[in-house]
Amino acid sequence: MNSNSPLVSILTPSYNCAKFIEQCILSVLSQNYPQVEHIIQDNVSNDGTIEILKKYSDRVNWVSEPDGGQSDGLNRALKRCHGDIIGVLNADDEYLPHAVSWAVENFARFPDMAVIYGDQYDVDSHGNIVHKTYGRDYDFEKVWERVLW
């Protein structure tokens, strides 16, 4: 990718996720795409999460302050991001290698698309895949019908 590559903002809401947050961060930092900012919005964790976030202060944009839960945390992170493309990655999740470059490439291939998503692998505490969920066709109207009604 060149310097004209779009900036990708990865938004991560967090609360007491010390057990998972470092792997989440490392999965973003290890992406092969050069233009990524990781925005973490922590809801004043008290389980060691803050100490882990401090280790990555030079590479991750994080704030720990009271919020109203996951949706409020995402909204706060959204206000702090600068990306042309926005991804959401929960604190107990990880991106597979090349996930960000895959998304950017697909947005370039399908410029009229507003949402692009891939498959999901659920893993156990040892990293073994226990379930795979494959992305289905996205129905924008059906999603908003559920939200509005």
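Tutor: Cys-24 is buried, with a relative accessibility of 0%; buried means under 20% relative accessible area, exposed over 50%, and partly exposed in between (1.4 Å probe, protein chains only). Please note that this is a predicted model: local features need pLDDT of at least 70, side-chain atom pairs count only at pLDDT 80 or more, and totals for chains, interfaces and linings use all residues. Residues are numbered from 1 along each chain as its sequence is written, and side-chain values use heavy atoms, with hydrogens and water left out.

Student: And is Cys-17 buried or exposed?

Tutor: Cys-17 is buried, at 14% relative accessible area.

Student: How many disulfides does the structure hold?

Tutor: The structure holds zero disulfides, where a disulfide is a pair of cysteine sulfur atoms within 2.5 Å. Cys-17 is in no disulfide, and the nearest cysteine sulfur is that of Cys-24, 8.6 Å away.

Student: Which residues make up the largest nonpolar core?

Tutor: It has eleven residues: Cys-17, Ala-18, Ile-21, Ile-25, Ile-40, Ile-50, Ile-52, Leu-53, Tyr-56, Val-60 and Ala-91. A nonpolar core is a set of buried Ala, Val, Leu, Ile, Met, Phe, Trp, Tyr and Cys residues joined through side-chain atoms within 4.5 Å. Helices α1 and α2 each supply at least two residues of this core, and the largest share, three residues, comes from α2. Apart from this core lies another, of nine residues, among them Cys-24, Tyr-33, Leu-89 and Val-104.

Student: How do you decide what counts as a helix or a strand?

Tutor: Helices (H or I, at least four residues) and strands (E, at least two) are DSSP runs, numbered from the N terminus.

Student: Back to Ile-50, then. Which residues is Ile-50 in contact with, leaving aside its neighbours within four places in sequence?

Tutor: Ile-50 is in contact with Asp-42, Ser-45, Trp-62 and Ser-64; contact means heavy atoms within 4.5 Å.

Student: Now the sheet. What is the order of its strands?

Tutor: The four strands form an open sheet in the order β3-β2-β1-β4, with parallel pairing. Two strands pair if DSSP finds at least two bridges between them. Strands β3 and β4 stand at the edges with a single partner strand each, so one side of each is left without a neighbour in the sheet. On average, neighbouring strands of this sheet are turned by 15° against each other, direction ignored.

Student: How many bridges join β1 and β2?

Tutor: These two strands pair in the parallel sense over seven bridges. Val-8 stands opposite Val-36 in β2.

Student: Which strands does α4 lie across?

Tutor: Helix α4 lies across β1, β2 and β4, running at about 130° to β1. Axes are lines fitted to C-alpha atoms, for helices over the stretch in contact, and angles run from 0 to 180 degrees between N-to-C directions. In α4 (residues 99-109), Val-100, Ser-101, Ala-103, Val-104 and Asn-106 are buried. The buried residues of α4 pack against β1 (8-14), β2 (36-42) and β4 (85-88).

Student: And what does α1 lie across?

Tutor: Helix α1 lies across β1 and β2, and runs at about 160° to β2.

Student: New topic: how many salt bridges are there?

Tutor: There are three; a salt bridge is a side-chain nitrogen of Lys or Arg within 4 Å of a carboxyl oxygen of Asp or Glu. One of them joins the side chains of Lys-55 and Glu-22 (2.7 Å, N to O). This pair links distant parts of the chain, 33 residues apart, with Lys-55 in helix α2 (residues 49-55) and Glu-22 in helix α1 (residues 21-29). Lys-55 counts as exposed, at 51% relative accessibility, whereas Glu-22 is partly exposed, at 23%.

Student: What about Arg-76 and Glu-65?

Tutor: Those two form a salt bridge in which the closest N and O atoms are 2.9 Å apart. Asp-72 and Arg-76 also meet in a salt bridge (3.0 Å, N to O). Because Asp-72 and Arg-76 are four residues apart in helix α3, about one helical turn separates them. Salt bridges that share partners join Glu-65, Asp-72 and Arg-76 into one network.
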